[in-house]
Amino acid sequence: MPTDTDVKGAPDAPKRAFIRVLGGALCGGVWQIDSDPIVIGSAADVSVSLPDPLAGDRHAGIRYHQGSWQVHDLTGGGLMVNDIPTSTRTLSGGEILMIGSTELQFCLIDPRRRSADAASIEQESPQGQSESVVVLELVVEQGDHRDLGRKIDILNDSVITLGRAAQADLSLHDCLSSRRHCRIQNGSSGVEITDLQSLNGTHLEGSLIDTAALRPGDLILIGKTAIRCLKPMTRGD
C-alpha cells in the first residue's frame, strides 16, 4: 500500500493548478497556484490561509518540481492525502488533502471552468436539454444495504467519482472505500476507470488496476462494494 513518496504523479504536469475547498467556512472557494512553492495553514501570512483552528500555522506545502506537483507535510505529524498518512507525495490531480478539519481538492483543471461550461451547455441546449448519451450504466450489486440497487449513468461526456465522500458522484457507505476512491470517464479511447491512489485499491474483474477500460458485464470492487457495468437500456428493450 502506498504511504507517501512511492505514489507516481502525472508526468510533465501543467505549471498551473488549483486548490478547491470542499468543506468548512470557505467551502466552494478556489485558489490558483503557479510553479512557485505555496504554504497552506491557519496563519494569516501563508499562501492559502484557512480559518480552521485545527489546522497548523504552516500545515502543508505544495510545489512544482521537475515536471510534477508535490505536497509536503510541514507539521511533522503526517498529512492525510486520500485518507493515507503522507509525508511527501506526488500529486496527479483529484487528490483530497485534509488540513485540520478542512477538506481541499488538488485540481489540474480549473473547477470553475467546468461549472461554467456545464451551465453554458444547459442554456444552449433546446428547452434546457443536454445532448449527452448514456454509454454505460453502473449498479451496486453487493455491499452496504443502503447502497444496494443504486445506479448511475456514464454519459458520453461524463467524468464521475466514486467513494465515501459526500461530494462523490456515487457516494458509498463502505468504510473500506476511500473518500475519492476511483474515477470513471468516457474519452476518445472509450470508458476508463482510474484508481485515485485509494488506500485499499480498485479491482476490476478480480485484478488490482491503476487505469483500465470498462466494458458491459465488468465487475468493479471497491472495498466490500461490488458494482456491475451494464449496457444501457434502449427504447424497445
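A residue is called buried here when its relative accessible area is under 20%, exposed when that area is over 50% and partly exposed in between, with a 1.4 Å probe and protein chains only. Trp69, at 0% relative accessibility, therefore counts as buried. The model is predicted, so local features need pLDDT of at least 70 and side-chain atom pairs count only at pLDDT 80 or more, while totals for chains, interfaces and linings use all residues. Residues are numbered from 1 along each chain as its sequence is written, and side-chain values use heavy atoms, with hydrogens and water left out.

Trp69 and Ile62 have the most contacts inside the largest nonpolar core, which has 22 residues; such a core is a set of buried Ala, Val, Leu, Ile, Met, Phe, Trp, Tyr and Cys residues joined through side-chain atoms within 4.5 Å. At least two residues of this core come from each of β1 (17-21), β3 (38-41), β5, β6 (68-73), β7 (79-81), β10 (96-99) and β11 (102-107), where strands are DSSP runs (E, at least two residues) numbered from the N terminus. Apart from this core lies another, of 21 residues, among them Leu136, Ile152, Ile222 and Cys229.

The structure holds 2 aromatic pairs, a pair being rings of Phe, Tyr and Trp (its six-membered ring) with centres within 6.5 Å, stacked if the planes are under 30 degrees apart, edge-to-face if over 60 and tilted otherwise. Tyr64 and Trp69 form an edge-to-face pair, 5.2 Å centre to centre with 70 degrees between the planes, and together with Phe106 they form one aromatic cluster.

Conventions: Helices (H or I, at least four residues) and strands (E, at least two) are DSSP runs, numbered from the N terminus.
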